[in-house]
Amino acid sequence: MHIDQLKIKNYRNYHELTLSFQNRVNVILGENAQGKTNLMEAIYVLAMGKSHRTSRDKELIRWDQPFAKVEGNLTNRNGPLHMEVVFSNQGKKVKLNRIEKKRLSDYIGSCNIVMFAPEDLTLVKGSPQIRRRFLDMEMGQIHSIYLYHLSQYHKVLKQRNQWLKDVQQKKVKPNSAMLEVMTDQLLQSAAHVITKRYAFLEKLQLWAEPIHHEISRGKEHLKVVYAPSCNVSEEMDLSTMMIALKEEYSRVEERELQRGTTLIGPHRDDLTFYVNERNIQTYGSQGQQRTTALSLKLAEIELIKEKTGEYPILLLDDVLSELDDYRQTHLLNTIKGKVQTFVTTTSVDGLDHEMLREAETFYVEEGSIQQKG
């Protein structure tokens, strides 16, 4: 899987841009605030139909313009592919080979992508929201049915939370029948989301553990554990999970009515990381936490290859300078010759690797890009 050509119009600080890429490493070089990350975001948007930096699509549209467009010509295992995303005041449209897709879940997965940015180094130490987003982004690309159930879950969750809030504020009267209907709808989607997360993490663990063991020079063993917000487990099948969730929602019902919000479910779940059986979120060094984050990203690449039959595109947004020489070299050696990679950096000084010396280089300045040579 690789991008051959990218076209951008009225996107962030870019007016109009057409770039051609090689199926190897492409270095995006420039000072801060010139548009490097905007370009990486545009590639991400092309693959995912949404930004990883904002949930407000209007922020992607260049100032005083009616729309923004990102389109690309790609090549995957099935041959040429054209993808297109348009944002306007009327909403968002996505197209595959010029044909509009009504559902984003029918679009995502056509181009698989792995993003590695400085904030991903806080995957271990950061908030549970970061870890849930990590799960949802990767699972959504390789399991369209997961995206469907996750979307249904958040739709019902929003309605349920609003009703609970209205009850708390005495805008509506408590209605046990109404709450039961919404809870039954919620737990059905929740059960699908949780069981699929367990299955995904089992696969991810198989890839991440040996990668981590190698990066740590054979000294450390990594374990990734799903941490649900209620009493469920990976041994449960779907029907057992639904029964367990029903009991759990009944258990917290009074507290939810008092608090005005849904207290348990996939939106409250988390991940825990253990290195040599110690919780590194609490006891790990910064080096161990960064090794874990790097191991998970490299495991994502291999897992996507296993599931789809081809490697994803890799975006390294200003992250190489955040890694020490050993981890940096391990990352570049692992992806060499396998993955089309985009690297942003303010300088290539200190980034001494054969793969970078052979890379295509693009210079960014104030929303304008020039290709070296």
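**Close-up 1. Buried residues of helix α1 in the predicted model.** Lys36, Asn38, Leu39, Met40, Glu41, Ala42, Ile43, Tyr44, Val45, Leu46, Ala47 and Met48 are the buried residues of α1. Because twelve of the 13 residues of α1 are buried, the helix is largely enclosed by the rest of the structure. Helix α1 covers residues 36-48, and at 1.5 Å a residue its 13 residues should span 18 Å. The C-alpha atoms at its ends lie 19 Å apart, which agrees with that expectation.

Close-up 2. Glu71 has a relative accessibility of 14%, and so counts as buried, the cut-off being under 20%. A polar contact of 2.9 Å joins the side chains of Glu71 and His82. With neighbours within four places in sequence left aside, Glu71 is in contact with Gln5, Leu6, Lys7, Leu46, His82, Met83, Glu84 and Arg98. One of these, Leu46, is also among the buried residues of α1.

**Close-up 3. Crossing of helices α2 and α4.** The axes of α2 (residues 128-142) and α4 (residues 176-215) come within 11 Å of each other and cross at roughly 90°. The two helices are therefore roughly perpendicular, a term that applies to angles of 65 to 115 degrees. On the α2 side the contact is made by Phe134, Leu135, Asp136, Glu138, Met139 and Ile142. Helix α4 contributes Lys196, Arg197, Phe200, Leu201 and Leu204. Of the residues in this contact, seven are nonpolar and four charged, with no polar ones.

Technical notes: Residues are numbered from 1 along each chain as its sequence is written. This is a predicted model: local features need pLDDT of at least 70, side-chain atom pairs count only at pLDDT 80 or more; totals for chains, interfaces and linings use all residues. Side-chain values use heavy atoms; hydrogens and water are left out. Axes are lines fitted to C-alpha atoms, for helices over the stretch in contact, and angles run from 0 to 180 degrees between N-to-C directions. Helices (H or I, at least four residues) and strands (E, at least two) are DSSP runs, numbered from the N terminus. Angles under 35 degrees count as roughly parallel, over 145 as roughly antiparallel, 65 to 115 as roughly perpendicular and the rest as oblique. Contact means heavy atoms within 4.5 Å. Ala, Val, Leu, Ile, Met, Phe, Trp, Tyr, Cys and Pro count as nonpolar, Asp, Glu, Lys and Arg as charged, and the others, Gly among them, as polar. The expected span of a helix is 1.5 Å times one less than its number of residues. Buried means under 20% relative accessible area, exposed over 50%, partly exposed in between (1.4 Å probe, protein chains only). A polar contact is a pair of N or O atoms within 3.5 Å; within protein, one must be able to donate a hydrogen and the other to accept it, and residues adjacent in sequence count only if both atoms are side-chain atoms.
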